[in-house]
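Colleague: I am new to this one. Could you walk me through how to read a few of its features?

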Amino acid sequence: MKRTPLAIGLLATALVLTACTAPTTESTAATEEQPGYLAVADPSLATGGDLSVQLDYDSVEANGLDPQTATTARSWTLMGLVYDTLVTVGPDFSIEPGLATSWDTPSDTEYVFTLRDDAVFSNGRPMTADDVVGSLQRLLDSKSDWSLQLGQVSSVQATGGNEVTVTLAAPYTSFLGALANTPAAILPMTEIADGSVDITTTMLGTGPYVVQDHVQDQSWTFGPNEHYYGAATRGPESVAVDIVTEENTRLAAIRDGSADYAFFNNVDALDLLGGTENARVVNQQNTDFYYLIINSQNPDSPLADQKVRFAINSALDRQEISDIALAGQALPTGVTPATLPGACPAADLPSEKPTTDEIKQALADAGAEDLDLTITLYNTEPALAQIAQVMQQELAAVGVNLTIENLDIGSFVDKIYSSSPSDIDLALSWYAGYGDAAMVSKWWNGDVSTFTAGFKANDPAQNALQVAAGSEPAGAERDATMVELCASVDESSELVPLVTRPGVIGYRTDSLSPTINTNEGYGSVLRDIVDYRMIDAG
Amino acid sequence: MTGTVAPIPRATAAQAARRGLRRAATTLDPLATVAACVLLAMFAATILARLVGLGGSPTEIVGTRLAAPSLAFPLGTDSLGRSLVPRLLEGIGTTLLLSVIAVAITAVLASTAGIVAGYRGGRVNGTIMRVGDMLYAFPSIILAILVAAVVGPGQVAALASIVLVTVPLMTRLVAVSSRAVADRDFVAAAVISGVSTPRILVRHILRNVAGTIAVQGTYALSIAILVEGGLSFLGYGVQLPGSSLGLLIKEGTTYMVKAPWLIVAPGVVLVIAILCINVIGDSLRDRLEPRETRSLV
């Protein structure tokens, strides 16, 4: 009978633990330290020091370390530590100087950039106008995803020692926004041309850091680029990035101070780190957003019927998805990211209007009552499973039975993109929203984004709206076009924007004074790293 | 050998079953009886949950996120605002059912292979044992992940993994016991009498190693629960919105600091289930294999 007390003890401990735990949820809603910034580094602190960062996953690209073909926001973040772009974006998504100190627009199709004269690659060779021309031409020739974002470029020419002129075939409002992301980085074209540098295995840029070590899916070590034009004011001297997939481990690292800075996918990190001594946690809004694929291309599926797809879209409550799956930290959005200027109001989307009874009636009229559908997602983005489970409840209310299929990322990509039509009913994923409201909508333009052909029809009318949104100058007319584009995307219900994708950043206040913008467009969680200051530096 | 062999007493299936039940009832000591009752209560609760909705719907969002235990939600709510009680009941059912089915499959496979290996000996025994050694060479959780990678995450992966993890040990022990039984005189007598091999295996060998199978079955069950829990914890087992003890513990780890009820409840149930099974297994072994020393306490 010696074992009885053990079992009773276990039970008692469990009950006491359970009963005595008071609700400890507290709001740690981030406040801005300055307009547009959740945190601003203390400029009075000395430069230098070693920054320790923990991120949830590593950069993995088919073409290795070539920034021009990089397709993921994580690659842009890490490569952005080494490479610079001609322009960059400010906290309000206005375009700011980068390697170009200024630019003129003699006409709405012509951009004349004046280049920095002190930009030097990390091998000591000064950057030239030929590097800029060669880099942009190489990007255009690559036909990579990002080359599509540059619009229709007629020519790129060096028009002076420190001057480059880009001529477009048609006005394109998003052009500078496209130049502001890492795939448009300026590469060492002389070294690439003579073969002394393989840009797919070696990172050689004009940015603040150089790569000292990289173990795939484990760590990066960045040291200082001694030739960086801003070396005198660069914050941390070195950056150690550890890839830590387990969210709890990153939380623990911020709690115990073994990391200075960490990114979290789970919005509850705001709560889980709340009250931690010497740590601060902030919710960074993103232009990134989650979207739902409703496969219209399988002729044997009821989803081939637009009325059925629209009914499913209408049954989704974006605000509820945000409130339950993302702790209310996300924003409902249409195809123009809700956090960008000029975005269409999600509340006005056509799918927001039908009532539950009308949705049921629409499904019945289409002969699609008691639908059994499968939603496919991948398991490295925990929020997707949360969103899918909320959607499961919402669709059950209109008689749609949803089965969740949670795959590894490789199987997910294979299932969606390897066949046409895609082997899915529904799927969940997210897009980066970039820095201009029309940019991401390019992935809805079937003439441009052929990779969606397996699950989305190429709609000329929708393509025309997308092109118009991209070319019209900012203003009321463009805003109206955005509303029309949002409605068109919403009504076709093939690639349905849901809610924005918030990101949580935690950092140690006893070791780091960072600059963090309130709203990020390119998923760059280390955007202002050169402004960071280590508390104990110097 | 000369002379006549005494006829082997025969029993009808009904008589054998009655004898088995009586033996089982008198085999467990009081503590093991309590453990069996606890397990039965778990089974009953999960069956009631499925049949009459005891505790409510495991997938319905009914309250605020991460609400602490209260009268409305005795074990609190999870990160989607679902009551943990029905989630836990579904999880217990899934874990126990998966484990029981897997162990039943293990028992059939391991008994068949073990008895054949023990009775035939020689190359047959060597071949079966080497196959078992190959499975043994993999750490159990690595083997389980390998299986999940091949057949895809889900209940089938969990089932196949549990079987592959538990089969080698049970096969080896059944083979050793069968070897000892096969050397006994009554088996030799049956052979000489012309009894067919299948009949010898079933009527003479299987019956005499049934105790070993029962004891190992209980241990395999506790291992199965742990493997299922581990697989689901790693994301290869039961998939959302389904529930299992491992999956619930995985969800709970994220909120361990702010909402400990999410990990305490499934964790305690997991511990109790394994404790009960091990106590029953120990008791069975005390009665059926009295020469062995007890492993617990």
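Modeller: Gladly! Let us begin with domains: their bounds come from an automatic or database domain assignment. Keep in mind that this is a predicted model.

Colleague: Into which domains is chain A divided?

Modeller: Chain A has domain 1 (37-50 + 208-286 + 502-534), domain 2 (82-194) and domain 3 (289-500). The C-alpha centres of domain 1 and domain 3 of chain A are 32 Å apart. Their contact involves eleven residues from domain 1 of chain A and 13 residues from domain 3 of chain A.

Colleague: Now helices. How do I read a packed pair?

Modeller: Two packed helices are described by the angle between their axes and the distance between the axes. In chain B, take helix 3 (residues 84-120) and helix 9 (residues 245-254): their axes come within 7 Å and cross at roughly 135°. Therefore helix 3 of chain B is oblique to helix 9 of chain B.

Colleague: Which residues make the contact?

Modeller: Helix 3 of chain B contributes B:L84, B:R87, B:L88, B:G91, B:I92 and B:T95, while helix 9 of chain B brings B:L245, B:L248 and B:E251. The residues of this contact comprise five nonpolar, two polar and two charged.

Colleague: What does the side chain of A:S147 reach?

Modeller: The backbone oxygen of A:S144, at 2.5 Å. Leaving aside neighbours within four places in sequence, A:S147 also contacts A:L139, A:L140 and A:S142.

Definitions and conventions
Residues are numbered from 1 along each chain as its sequence is written. Chains are lettered from A and ligands numbered from 1 in the order in which they are written. This is a predicted model: local features need pLDDT of at least 70, side-chain atom pairs count only at pLDDT 80 or more; totals for chains, interfaces and linings use all residues. Side-chain values use heavy atoms; hydrogens and water are left out. Axes are lines fitted to C-alpha atoms, for helices over the stretch in contact, and angles run from 0 to 180 degrees between N-to-C directions. Helices (H or I, at least four residues) and strands (E, at least two) are DSSP runs, numbered from the N terminus. Angles under 35 degrees count as roughly parallel, over 145 as roughly antiparallel, 65 to 115 as roughly perpendicular and the rest as oblique. Contact means heavy atoms within 4.5 Å. Ala, Val, Leu, Ile, Met, Phe, Trp, Tyr, Cys and Pro count as nonpolar, Asp, Glu, Lys and Arg as charged, and the others, Gly among them, as polar. A polar contact is a pair of N or O atoms within 3.5 Å; within protein, one must be able to donate a hydrogen and the other to accept it, and residues adjacent in sequence count only if both atoms are side-chain atoms.
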